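Please read it alongside the sequence and the coordinates.

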Amino acid sequence: MKTAKTLKRFSKSGLLVGAASALLTVSFTGSGVEAASELVSPGGPPTVRRLNEEQYKRSIAQIFGAKITVPGRFEPPVREDGMLAIGDSKVIVTPTGLEQYADRAREISAEVLSDANRANLLTCTPAAADRFDEACASQFLGKFGKLLFRRPLGERELASVMDLSRRATQSSGSFNKGIGAGLTSLLVSPYFIFRVEVAEPDPARPGTQRLDAWSLASRLSFLLWNAPPDEELLDAAASGALRDPAGLNKQVDRLMASPKFVDGTRAFFSDMLAFDQFNGLSKDSAIYPIFNPQLRNDAQEQSLLTIVDHLLVQDGDYRDLFTTKKTFLSRSLGALFGVPVDYRAFGGWMPYTFPANDPHSGLLTLPAFLMLDPSHEGRSSPTIRGKSIRENLLCQPVPLPPANVNFQIVQDTNDPVRKTARLRLTAHQESPACAGCHRITDPMGLSLENFDPVGKYRTHENGVPIDASGKFNGKEYANSAELMKILRESPATTSCVVQRTFEYGVGRKPTSGEEPWLEQLNMRFAEQKFRYRALIRTLVTSPAFQAVSAPTLAAN
Amino acid sequence: MTSASIAGKPACRERLRTAGKCLFAIGLSTFSISAQASYIGDGFVSIPEVKGHWQAGEHKGWIRVEANDWPGRLRKIRSGRDGEMNYNGPLGARPGGPGKLIVTLGVNNPDLQSMRELCNSRRALPELTFAESFERSRPSLDLGPRPAIVPEYWLYKLKAAVVADCPYADGAAEQAFVITFKDIDWLNWDVAKANGGPLVVTPKDLPDVAPRDSGTSKSGVRHYLITWIGLATDSSLTQCPKMNTKPGEDEFFKFRTQEQIAEIRARNGEKGVTAGSPDSDNRGPGGLSAVNLPGIVPDPGLLAPDSKVALGLDLDGADGAGKALKGIRPHTNFTAPDGRTSIDNQMYNVMGCVPGFRGKQGYRNQTSNARRADGNYTTLVEVSGVDNDRNDNNVEIALIYSLDKPIRDTSGKTFVPGYTFRPTKAPQYALYNHRVKGRIVNGVILSDRMPKLAINLGQDPLLELEQARMRFEPLGDGSVKGYIGGYEDWKKLSVNRASGYSEGLFGYSMPGLWYSLRRNADGMFNPQTGEYEGISTVYEIDTVPAFMTAVPPQQKTATRAQSGKDAK
């Protein structure tokens with residue numbers, strides 16, 4: 001019945017392209033949920049993704065220890081199709097960036113082999129300090145090569161780095177410097193800097209391809225931990241255990257039970273909610289004296305804490321993030337909300353529940369969402385807020401504005417006649433070129449006008465009462481709290497997080513062939529009562545997560 | 001040398017800047033602060049065979065002196081790490097050699113003639129005893145109660161003494177007597193403890209004033225963060241046709257001979273006499289310090305505001321008409337800018353035209369409040385038990401310290417309201433928490449009269465007021481504008497302003513200030529001396545609304561224990 005409904009919907013939306021290849025071969029299982037057969041996904045192309053700054057740093061910390069510093073500036077990330085994770089698969093390394101990688105590699109290598117750290121990381125003792133020790137070098141470079149490349153080094157790769165280390169030892173008269181040169185070469189290798197996914201034939205479906213076990217291990221660990229595979233996961237890949245459903249489940253259980261799963265969840269939602277825009281975000285302190293870097297950082301952290309607590313700690317319904325009254329307060333956020341905090345909020349966080357009659361209701365009424373507008377320091381922009389809801393939370397792209405748009409009316413917050421954003425935007429929409437997009441973005445943004453650009457509640461703008469009413473999906477609402485209830489019930493809300501989770505995991509938009517499977521995952525999410533943990537588990541244990549439909553790079 | 005952390009350095013710099021009395025030497029790991037040894041206020045001299053006329057207390061039969069100075073003596077000041085409290089040792093010269101003590105007597109002192117005779121005869125005095133007040137000898141940042149082991153008066157025996165000089169300037173209020181001696185004994189204090197010691201403050205010493213928690217209090221509670229507190233000395237732009245300035249050559253050279261003047265001019269060249277230099281300070285008759293002993297020169301005058309309007313409070317409950325109240329000197333009351341009459345703020349007459357102390361523009365007020373803004377001594381006003389914001393005859397008003405930083409906007413100009421603060425148990429602050437009954441009348445919060453109120457102003461000396469009152473007026477933005485007033489010991493205030501460096505920095509003549517304080521004193525009448533020892537003074541307070549959180553029960557024990565430990 002559900003499948004029929006799904007297919008009907010696909011048919012309506014023209015998403016049946018590729019669905020012809022979908023066969024009912026696998027069963028979803030879950031406690032208390034009706035078992036349903038899983039559509040087979042044809043997969044999509046494998047990706048080559050550049051490690052982002054956090055992933056690079058977490059890799060170094062996980063492999064060599066947290067004491068190793070990671071110097072230098074990283075090239076900026078690029079957001080593509082709504083996600084940095086997709087942008088990561090479309091970026092290159094510029095010549096300047098390569099210099100940074102090289103300098104960084106030399107410094108990390110030197111620190112790893114410094115007197116302070118060598119004893120812990122170089123577990124063999126060379127026969128002589130000034131001569132090359134084949135066995136010791138092979139052990140060291142093989143071990144860390146595997147961790148850095150997230151797969152064992154190929155024979156030629158190891159031979160090459162050994163040869164480099166040997167020659168460097170001879171020229172420098174130092175074994176440590178020799179293997180340091182080898183380690184540097186591993187750190188500047190594209191196989192470390194990029195996550196290069198490799199495909200192999202899928203024996204379960206002759207004629208099709210899947211990720212090799214090492215690539216699958218990386219997909220798993222970067223999605224769940226935002227970090228590279230640890231040795232146990234690599235061992236599971238090496239032994240073939242990752243290919244066995246029981247072995248895969250065991251590793252997924254382990255990864256999701258780790259505190260690092262919180263890191264992975266935070267990284268995903270930071271990407272989905274475009275929190276990278278917090279870097280350098282500022283507001284006009286003459287207008288909003290409460291805004292400062294501490295408040296900015298706390299706002300971001302508050303939303304992430306709220307998400308993690310609701311989805312992971314409480315195992316709550318994802319949709320309730322749009323209406324929840326529960327959050328956490330720091331000292332600065334207490335000031336923003338005008339409520340006292342207790343000792344826990346000083347340098348930490350205090351759980352807090354907004355009163356039932358409080359206008360704050362859900363993530364979109366928390367300051368992180370409300371202040372995250374880098375282009376307007378002195379006023380709120382209902383258009384930007386509406387666009388953010390559409391694109392980031394409903395996965396509904398909004399076209400770019402025309403090049404010759406005149407913003408004069410919208411920007412004049414001192415307009416003696418049009419004293420509210422609603423009046424200014426209404427006037428702005430008199431231009432037909434503008435009206436199309438603004439009709440999509442503005443109504444929801446205007447419903448959040450009761451919150452100023454830093455997220456502080458207000459009832460008036462320029463002395464005029466704010467009208468926060470509107471209409472969404474044919475339903476009228478009087479204020480933001482009512483809008484949040486409507487958003488909570490919108491199918492687009494949940495399908496978007498499903499889509500984003502998938503995109504974040506595979507590093508690209510779904511192919512048309514994958515969409516039926518994704519729709520089924522969305523239905524499955526509903527059956528799982530919109531539990532994020534369940535969504536993640538279903539995704540990463542599915543054959544669709546490792547299905548590959550296009551040629552790939554060879555490892556060597 | 002007192003061992004101290006680097007945290008003590010700013011305080012030392014501040015003393016150097018404001019008092020001109022602080023010299024410090026920095027070693028590799030320790031430093032000490034040294035200050036000149038003098039104070040303005042009661043001391044007593046006992047000379048065998050000379051009967052003094054003081055009639056009160058333990059010094060009955062002694063000669064009362066108005067001020068004293070141990071020229072050349074630099075007392076080392078204990079400057080502990082942040083959070084430590086200390087007391088300091090005696091001002092007096094250390095035993096083991098000759099020295100000099102200068103005391104002053106008022107021209108109406110009944111023992112003046114005896115002292116003049118001793119001076120004129122240069123009679124050898126085998127010994128004499130000098131009693132010096134511990135409280136008045138304390139450095140300005142020395143806080144807390146007098147330790148039980150410390151005497152109320154340090155006692156010194158000056159051996160083989162002579163009243164070697166007694167210069168007097170016609171028209172001066174006091175005459176100085178220079179007593180030289182061959183040696184000195186400390187009679188009630190061990191020289192080995194000359195630098196004092198740690199001040200032990202136990203939890204029972206602390207007032208039991210904890211904030212009513214903003215989040216959990218059942219009765220109405222309001223908290224306000226103090227963002228500015230300073231002398232209420234600026235009521236209008238036109239109050240001072242002319243401002244006071246630092247002393248000039250007319251004062252510097254008044255008691256110098258032409259030869260001395262020529263020598264000073266030759267030595268200093270075009271830059272002239274520098275404020276705070278010996279040429280500036282020692283401008284009294286006989287080359288004595290007119291800064292440390294300001295009564296020894298005639299009044300050079302201090303410009304007062306030409307205004308009947310002043311900020312403040314009615315402290316004495318009288319409108320100035322009719323018979324003066326007991327203990328209050330008849331004086332002219334002011335009218336507040338908002339029209340309230342009977343305002344008692346005689347300090348306005350003194351400081352109203354001194355640039356460094358004039359309201360928000362006063363540099364001294366600004367520097368002090370800049371440190372407040374940085375969170376060095378965060379203070380909050382609490383109004384609790386509020387059932388009716390307009391009229392409530394039973395509320396409580398508290399002043400409570402916190403060590404949490406006030407938050408300002410990124411420009412540093414605006415304090416952000418709505419932040420929560422925790423009380424501190426650090427004794428140097430918690431000792432000065434207060435709670436008093438009060439009432440709300442037409443929205444204005446008024447405290448009952450407090451016999452004594454001491455406020456730790458951090459960079460400024462402890463503000464000690466008698467018969468104090470507080471008043472807070474609500475403003476439209478949720479904050480209150482406040483005034484705290486009472487009677488302040490004007491001689492203690494004089495000690496804290498007795499600095500040549502401060503004269504130059506803040507724009508006044510120390511003798512002029514001293515005479516003005518003495519002239520305007522209107523309260524704290526001392527029947528033993530016949531003097532009014534207090535001057536009505538008012539501080540204005542700006543606030544932003546804030547919150548306070550109480551110490552959680554599980555932390556109370558630990559915090560209190562820590563407090564006791566810190567004090568050991």
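**Disulfides and two sites in chain B**

When the bonded cysteines of chain B are counted along the chain, its disulfides follow the pattern 1-2, 3-4. For chain A, numbering the bonded cysteines in sequence order gives a pairing of 1-2, 3-4. The model is a predicted one, and four disulfides are counted over all chains.

**Disulfide of Cys124(A) and Cys136(A)**

- Cys124(A) and Cys136(A) are joined in a disulfide whose sulfur atoms lie 2.0 Å apart, and with 85° about the S-S bond this link is right-handed.
- Cys124(A) sits in the loop between helix H5 (115-121) and helix H6 (134-149) of chain A, while Cys136(A) belongs to helix H6 of chain A, so the pair ties together parts that are twelve residues apart in sequence.
- Cys124(A) and Cys136(A) are both buried.

**Disulfide of Cys119(B) and Cys166(B)**

- In chain B, Cys119(B) is joined to Cys166(B) by a disulfide with an S to S distance of 2.0 Å, and the link is left-handed, with -90° about the S-S bond.
- Because Cys119(B) lies in helix H2 (residues 112-121) of chain B and Cys166(B) lies in the loop between strand S7 (153-165) and strand S8 (174-181) of chain B, the pair ties together parts that are 47 residues apart in sequence.
- Cys119(B) has a relative accessible area of 1% and is therefore buried, and Cys166(B), with a relative accessible area of 12%, is buried as well.

**Disulfide of Cys240(B) and Cys353(B)**

- Cys240(B) and Cys353(B) also form a disulfide, with their sulfur atoms 2.0 Å apart, and because the torsion about the S-S bond is about -95°, this disulfide is left-handed.
- The pair links distant parts of the chain, 113 residues apart, with Cys240(B) in the loop between strand S11 (220-231) and H4 of chain B, and Cys353(B) in the loop between helix H7 (346-351) and helix H8 (363-373) of chain B.
- Cys240(B) counts as buried because its relative accessibility is 10%, and Cys353(B) likewise counts as buried, at 0% relative accessibility.

- Leaving aside residues up to four places away in sequence, Glu251(B) touches Arg283(B), Pro300(B), Ser509(B) and Pro511(B).
- With one of these neighbours, Ser509(B), the side chain of Glu251(B) makes a polar contact through the side chain of that residue, at 2.9 Å.

- Which residues form a nonpolar patch on the surface, with about 260 Å² of accessible area together? The patch is made up of Tyr363(B), Tyr501(B) and Leu505(B).
- Leu505(B) is found in helix H11 of chain B, which covers residues 500-507.
- Leu505(B) has a relative accessible area of 33% and is therefore partly exposed, since that term applies between the limits of 20% and 50%.

Definitions and conventions. Residues are numbered from 1 along each chain as its sequence is written. Chains are lettered from A and ligands numbered from 1 in the order in which they are written. This is a predicted model: local features need pLDDT of at least 70, side-chain atom pairs count only at pLDDT 80 or more; totals for chains, interfaces and linings use all residues. Side-chain values use heavy atoms; hydrogens and water are left out. A polar contact is a pair of N or O atoms within 3.5 Å; within protein, one must be able to donate a hydrogen and the other to accept it, and residues adjacent in sequence count only if both atoms are side-chain atoms. Contact means heavy atoms within 4.5 Å. Patches are made of residues with over 30% relative accessible area and no salt bridge: like charges are joined within 9 Å, nonpolar side chains (Val, Leu, Ile, Met, Phe, Trp, Tyr) within 5 Å. Accessible areas come from the Shrake-Rupley method with a 1.4 Å probe; for residues, only the protein chains shown count as cover. A salt bridge is a side-chain nitrogen of Lys or Arg within 4 Å of a carboxyl oxygen of Asp or Glu. Helices (H or I, at least four residues) and strands (E, at least two) are DSSP runs, numbered from the N terminus. Buried means under 20% relative accessible area, exposed over 50%, partly exposed in between (1.4 Å probe, protein chains only). A disulfide is a pair of cysteine sulfur atoms within 2.5 Å.
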